[in-house]
Amino acid sequence: SLEERVRDVRAPPRGMPGVLPRSRPYVGRAQPGESLCHQVDISVGAAEVEIEIIERVAMLRPLDPPTLEGLALGSHLENVERGRVVIKQGDPGDRVYVIDTGRYEIIFDGRLVNTLESGDVFGEIALIADVPRTATVLAVEGGRLLAIDRATFLETLAQCPGTLATFEEVVGRRLSGLDGHG
């Protein structure tokens, strides 16, 4: 519970700031001699790579720095091997993906409809339209993806009406394109 996490926080001894390795993720508990606030600061700094990846997406560039940080903190990096099916048509959608590296084919009803690369996004249709995955995404070369969980993505869009409107427009175009391939 929150009370337990707060009770476990230990302030560092006077004159000795808490020190954490930069790569240590926030886990909700401070180690002896560390402050919980210091852990949050480290987590924000560690999200720089994720923020850089998110900023490659034109639709997300208008987000202010605190919103970008929140989106980055609700994400994780995934290495993807060539041949991996990242999402499968008909499955429920639990995250959206931003491509850092690699190439990915979008396959609808067994037909190739698009190929995506660095800076492109996929998986947003299922989240925004609240429908099962509309296509299968296959890695045609190894790469890395930034996976943003459903709750973080939708909460961010709810706070940013302009970005939500842009995504809804893209979703509409992509769904229309799929109808033409069906």
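1. The largest nonpolar core has 25 residues. A nonpolar core here is a set of buried Ala, Val, Leu, Ile, Met, Phe, Trp, Tyr and Cys residues joined through side-chain atoms within 4.5 Å; buried means under 20% relative accessible area, exposed over 50%, and partly exposed in between (1.4 Å probe, protein chains only). Ile 54, Leu 60, Val 98, Ile 148, Phe 153 and Phe 167 have the most contacts inside this core. At least two of its residues come from each of helix 3 (48–54), helix 4 (65–73), strand 3 (95–101), helix 5, strand 8 (143–149), helix 6 (150–159) and helix 7 (161–181). A second, separate core has 14 residues, among them Ile 87, Tyr 97, Leu 116 and Ala 135.

2. The model is predicted: local features need pLDDT of at least 70 and side-chain atom pairs count only at pLDDT 80 or more, while totals for chains, interfaces and linings use all residues. Residues are numbered from 1 along each chain as its sequence is written, and side-chain values use heavy atoms, with hydrogens and water left out.

3. The protein has seven helices and eight strands, taken as DSSP runs numbered from the N terminus (helices H or I, at least four residues; strands E, at least two). Of its 182 residues, 40% are buried.

4. Two aspartates deserve a check of backbone geometry. Asp 109, in the loop between strand 4 (104–108) and strand 5 (111–116), has a positive phi near 50 degrees. Asp 130, in the loop between helix 5 (124–129) and strand 7 (136–139), has a positive phi of about 55 degrees. Most residues other than glycine have a negative phi. Asp 109 is partly exposed, at 47% relative accessible area, and Asp 130 is exposed, at 59%.
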